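Biologist: I am new to this protein. Could you show me how to read it, one feature at a time?

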Amino acid sequence: MTTSLKSRMLKFLVLAALVALTWYAFEKRSASLPPKPHRLLPVELYKIISPLNYKYLLNQPDLCQNRKPFLVLLIPVTPQNSEARITIRKTWGQENLVPNVDIARVFVLGEPREHDPKLEEDLQKESVAYRDIVQMDFLDTYNNLTIKTMMIMNWVASYCPSAQYAMKIDADIFLNVPYLVKYLQNKAKHNYITGSVINDAHPRRHQDSKWYISEELYSANMFPPYLAGAGYVFSVDLAKKILLASKFVRPIPIEDVYVGLCLHFLSIRPEFAWTLLPYRNLFELRCLEYDRCTFARLIIVTGFTSTKLMSMWTDFQNAAFSC
């Protein structure tokens with residue numbers, strides 16, 4: 001048997017084993033998942049997360065007019081964090097980053113805890129200057145991230161349905177846009193969502209936990225598969241479907257899990273973005289030490305300050321020529 005044939009057989013056996021293990025895990029945990037809801041939420045409960053219950057303070061309704069973006073970047077950020085917005089516009093969020101690929105950018109905001117006329121004025125000016133600020137009148141807090149995510153879905157479905165893909169991505173993330181565009185070229189255009197899939201998460205029942213969920217709010221002992229909220233990509237048709245599912249799925253304050261619950265209701269399984277040999281999670285959730293060629297083979301890496309992101313980005317421009 002030749003060396004190349006042995007190598008191909010080894011790859012096949014490894015892939016077959018992974019498929020078998022994944023199927024076994026899926027079958028074993030399916031009994032622990034919550035039943036799919038079949039009734040609409042009570043009106044007062046749905047109002048909490050319904051974008052229709054909030055109004056736009058700033059909007060960009062014409063951003064996708066007369067264009068069909070390949071990708072829309074949707075970046076949740078606090079109103080006060082202008083530094084992050086400036087940095088993203090100069091790095092992975094800049095226009096014309098990938099030749100002949102139309103990529104749109106939107107920063108998604110709520111309202112600050114305290115009324116600040118100066119901040120309001122600055123946001124108005126920023127919105128006029130860059131045409132990338134979308135703000136609604138809910139309180140911009142950690143516990144309201146589910147509301148913010150439904151706002152993201154509603155904005156895409158309402159104002160940018162011509163796009164092929166959308167990406168929800170946090171502001172402290174390194175994003176390798178050229179790699180992402182290449183990765184998506186042959187992916188599905190419908191019912192598709194990908195990122196770092198979490199398959200084995202349990203509700204935290206300790207009240208001192210940041211992610212505490214009471215049994216009254218969520219009674220099952222496991223969550224369905226969901227994508228880590230640092231960043232995930234979905235075909236734009238899913239935005240409208242997730243909004244529909246939210247009419248049936250009781251809201252919880254953990255936004256990435258909530259999207260997973262909506263996907264469970266829709267019978268849509270998220271796709272894990274990875275490579276096999278070598279095995280690599282392309283949506284890296286660890287904050288890795290920067291290395292140009294390592295980062296060139298990943299889609300996202302998490303946990304960077306604006307200053308660090310800017311310095312990394314300057315060096316990363318050489319990756320295409322040196323890695």
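Biologist: What share of the 323 residues in the protein chain is buried?

Modeller: A residue is called buried under 20% relative accessible area, exposed over 50%, and partly exposed in between, with a 1.4 Å probe and protein chains only. Here, buried residues account for 48% of the chain's 323 residues. Please keep in mind that this is a predicted model, in which local features need pLDDT of at least 70 and side-chain atom pairs count only at pLDDT 80 or more, while totals for chains, interfaces and linings use all residues. Residues are numbered from 1 along each chain as its sequence is written, and side-chain values use heavy atoms, leaving out hydrogens and water.

Biologist: How many helices and strands does the protein chain have?

Modeller: Both are DSSP runs numbered from the N terminus: helices are H or I with at least four residues, strands are E with at least two. This chain has 11 helices and 13 strands.

Biologist: Which strands form the open sheet of three strands?

Modeller: Two strands pair if DSSP finds at least two bridges between them. The order in this sheet is β6-β13-β12, and its pairing is mixed. β6 (173-175) and β12 (283-284) are the edge strands, each pairing on one side only. β6 and β13 (residues 300-302) run antiparallel and are joined by three bridges. Ile-173, for instance, has Thr-302 in β13 as its bridge partner.

Biologist: What percentage of contacts joins residues at least 24 apart?

Modeller: Contact means heavy atoms within 4.5 Å. Counting contacts between residues at least 6 apart in sequence, 77% link residues at least 24 apart.
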